[in-house]
Amino acid sequence: MKKFFFVSGILMLSCYVMGQARDATAEFKKYDKTEHAVMIDLPYAPAVVQSALTDYLSKTSKRDQKNATGFLLSHNTLLVKNNTKGADMVFEIGTKDYFHPNETVIYLKLNSNVQGGNSTDFAENHFNMSDAKSYLDNLSIAIKPYATDLQIRLQKKDLKNAREKSLSLTARGTKLEQNRMKIAQDMSSNNTDQRTAKLLKRKISNRQQIDVNTAAMVKNNKEIDDQTSALALLEKNNKR
């Protein structure tokens, strides 16, 4: 019986061509071996891709196919039609890298298994590479409306959270600066060695907190810029 398996993780890759399926040899560390696969990268977060892929695979009726514009449902693709033995289809889904959490790479493994008469009896199967590439190219078209809408909502939420965090960091920065000024004032008007030592510790701690908050603000501002640009691009592409 054919089954679909989804494995999530971080996939570190060095070269991309957006939206075009291609062959690849990948080292899947979870399995401690190198396997042949076809791959495609998509401008959506892994969670969005997995949700969109699940939605795509759930559509199987003739009515669903009639309403599918410009793509085939999974069971009508050559890869699935030619899979007469019912081999499992295994997808590896992960982020492009740590710096691009809203970009996903999908691997569809070419080597798979076919279960025999009992649960321990498995035979090897090898999917046709051309059929597998076509499957992923078709998949990218099929999930685009669902995934784009979900990704836009996700990034709007992330952008809202980043802007709220910016307000919080700004308020904290203002409070830390007020504390810095008060410490400086207290140090200028205090002459006892014991009091001066305590104020010096407070000054050092305050300086460290200001540095940490400033770094957080810089990082968060970049996040806001990145999210704003990515959201604008998604909305622009969604109108086409």
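1. In what follows, Ala, Val, Leu, Ile, Met, Phe, Trp, Tyr, Cys and Pro count as nonpolar, Asp, Glu, Lys and Arg as charged, and the others, Gly among them, as polar. On that basis the lining of the largest pocket in this predicted model divides into 12 nonpolar, 11 polar and 8 charged residues.

2. The largest pocket holds about 900 Å³ of space, and of the 31 residues that line it, Pro43, Asn102, Glu103, Gln155 and Ala230 lie nearest its centre. Two or more lining residues come from each of β3 (33-42), α5 (144-189) and α6 (193-238), with α6 giving the largest share, 12 residues.

3. Strand β5 (residues 104-109) deserves a separate remark, because 6 of its 6 residues are buried and the strand is therefore largely enclosed by the rest of the structure. In a regular strand the side chains alternate between the two faces of the sheet. Here both faces are covered, with Thr104, Ile106 and Leu108 buried on one side and Val105, Tyr107 and Lys109 buried on the other.

4. The pairing partner to note for β5 is strand β4 (residues 89-95), which runs antiparallel to β5 over 5 bridges; within this pairing, Ile93 stands opposite Ile106 of β5.

5. The count of aromatic pairs comes to 2. One of them joins Phe91 and Tyr135, whose ring centres are 6.2 Å apart and whose planes meet at 35°, so the pair is classed as tilted. Because Phe91 lies in strand β4 and Tyr135 in helix α4 (residues 129-142), the pair ties together parts that are 44 residues apart in sequence. Both Phe91 and Tyr135 are buried.

Notes
Residues are numbered from 1 along each chain as its sequence is written. This is a predicted model: local features need pLDDT of at least 70, side-chain atom pairs count only at pLDDT 80 or more; totals for chains, interfaces and linings use all residues. Side-chain values use heavy atoms; hydrogens and water are left out. On a 1 Å grid over the protein atoms alone, a cavity is a set of points where a 1.4 Å probe fits but cannot get out, and a pocket is an open set with protein on both sides within 12 Å along at least five of seven lines; lining residues have an atom within 4 Å of a point. Grid points are joined across faces, edges and corners, and a volume is the space filled by probe spheres set on the points. Helices (H or I, at least four residues) and strands (E, at least two) are DSSP runs, numbered from the N terminus. Buried means under 20% relative accessible area, exposed over 50%, partly exposed in between (1.4 Å probe, protein chains only). Two strands pair if DSSP finds at least two bridges between them. Rings of Phe, Tyr and Trp (its six-membered ring) pair if their centres lie within 6.5 Å; planes under 30 degrees apart count as stacked, over 60 as edge-to-face and the rest as tilted.
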